[in-house]
Amino acid sequence: MQFISTRGGAPHASFSDVLLAGLAPDGGLYLPESWPQFSAAEIAAFAGKPYQVVAYEVLSRFAGESFTADELKADIQAAYAGFESPAIAPLRQIAPSSNGSQYLLELFHGPTFAFKDIALQILGRLFARALTRRGGKVTIVAATSGDTGSAAIAALGGLPNIEVFVLHPRGRVSEVQRRQMTTSPHANVHNVALEGSFDDAQGLVKDLFAQTEFAQQIGLTAVNSINFARIAAQAVYYFTATAALGKPATFVVPTGNFGDIFAGEAAMRMGLDVPRLVIATNANDIMARALNDGVYASGASHATLSPSMDIQVASNFERALFEASGRDGAWTAAAMSDFAKTRKLVLPAPVLVALRARYSAYACNDDDTIATIKTVAAETGQVIDPHTAVAVHAARRIPASATPMVILSTAHAAKFPDAVTRAIGRDPGMPDGLKKVMDLPEKLDILPNDLSLLRQFISNRLAP
Ligand SMILES: *Cc1c(COP(=O)(O)O)cnc(C)c1O
């Protein structure tokens, strides 16, 4: 399996190249040259199989030339051994069939209590393996809106030949989220609280990649959802959920950087029958506006109760645009370069038609988020987190039908105790795995939103 760039200007790459590089050298995002295919019978046969088996079936189609079957199976087993639910991604019904059946797909049973673990626990292991084989060192710089950072630290902290720098927007992540990152005991983990928004942090990381000499010198790479290995690992639960229900479902996805929902498009392109993918955003509604108005334009960044989705530039949308344009790399490159200059992209009619055939989009404000947490708790006894609530709110605006709805539940409520307490009048309680970070000492550096100061900081930390 070879990989190509969405901007059409990078040499073909292998899975392990893609894994270690993150971003393609022409600034684009990697995608498989052609999508592997699963037949309806193969997908139906996933029903009842352990999650790890389906993960192997899906991942091996992408990674099979870079890793042996034994290596992949061992890493998948190890990745999910620490999950507290043996199902890894269990389905839980929250509305009865009489009312159009709705399910939560619980993706937060990993070590950091958000869905990012599902991909990063595998990615970290494959990364270490590929790096040992290739030799050398890498520097990972990740921008986080809250959950990628802790999941990356949990997956990569303490690994040899890897340094991890995580930039979070100062004061814009929850206390639990911050402590999960800053209490890591590992010397290869470096936390930066950036004076700016998540988009500023993500912009700095992109600018670092653009400084190709420095990037090469430090072996810069990315584990953000621009890394295709994450998309591949996240496609797995679209398959397991559909197989478990025994019929196609509409998926409703709390969306920020468009990685999780694009994994749904990936599953569809591999043969999974998904009637519709529903984008659910908070007040940072660039994706809802893009789909509904046909103009992808970044606005001001709002701090909301669902901070992991406080994003105005949805990096992975580039992958969907490339596909919707009929894989036109030249057009995608020109469109992204225009967008970088003007912060606005008017979607051409054929591209918009292709996107609307697959996606719908709804935005939700903080009041609706709180009200939804409250209603779901009253109706079902389930306490959901604010990101999940944004998606439940979207799901409940779609007319009920015979098609089941699967709502991706991306974080444990305990990560966002303030919002949950506001909604239901009591603290959601904290699992032991989270409690422990509340007392440990924190390590972080505050930096202004400035590329040369960030470079200097990284160089100082890397100096032997
Ligand atoms: C990262 C995250 C999201 C958004 O996922 P994207 O892949 O960035 O769209 C939603 N919910 C939670 C809890 C997250 O951590």
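Modeller: The following account treats the ligand and its surroundings, and then turns to one pair of helices. This is a predicted model, in which local features need pLDDT of at least 70 and side-chain atom pairs count only at pLDDT 80 or more, while totals for chains, interfaces and linings use all residues. Residues are numbered from 1 along each chain as its sequence is written, and side-chain values use heavy atoms, without hydrogens and water.

Around the ligand stand 15 residues (a heavy atom within 4 Å), of which Lys116, Asp147, Gly256, Asn257 and Thr410 come nearest. Asp147 places a polar side-chain atom 2.4 Å from a ligand oxygen. The backbone takes part as well: a polar backbone atom of Phe258 lies 3.0 Å from an oxygen atom of the ligand, and one of Gly259 lies 3.2 Å from a ligand oxygen. Of the 380 Å² of accessible area that the ligand has on its own, the protein covers 98% (Shrake-Rupley method, 1.4 Å probe).

As for the helices, the axes of H8 (residues 198-210) and H20 (residues 451-462) come within 10 Å and cross at roughly 70 degrees. H8 and H20 are therefore roughly perpendicular (65 to 115 degrees). Leu204, Asp207 and Leu208 of H8 meet Leu451, Leu454, Arg455 and Ile458 of H20 (heavy atoms within 4.5 Å).

Conventions. Axes fitted to C-alpha atoms, helices over the stretch in contact; angles between N-to-C directions. Helix = DSSP H or I, 4+ residues; strand = E, 2+ residues; numbered from the N terminus. Parallel < 35°, antiparallel > 145°, perpendicular 65-115°, else oblique. Polar contact = N/O pair within 3.5 Å; in protein donor to acceptor, adjacent residues only side chain to side chain.
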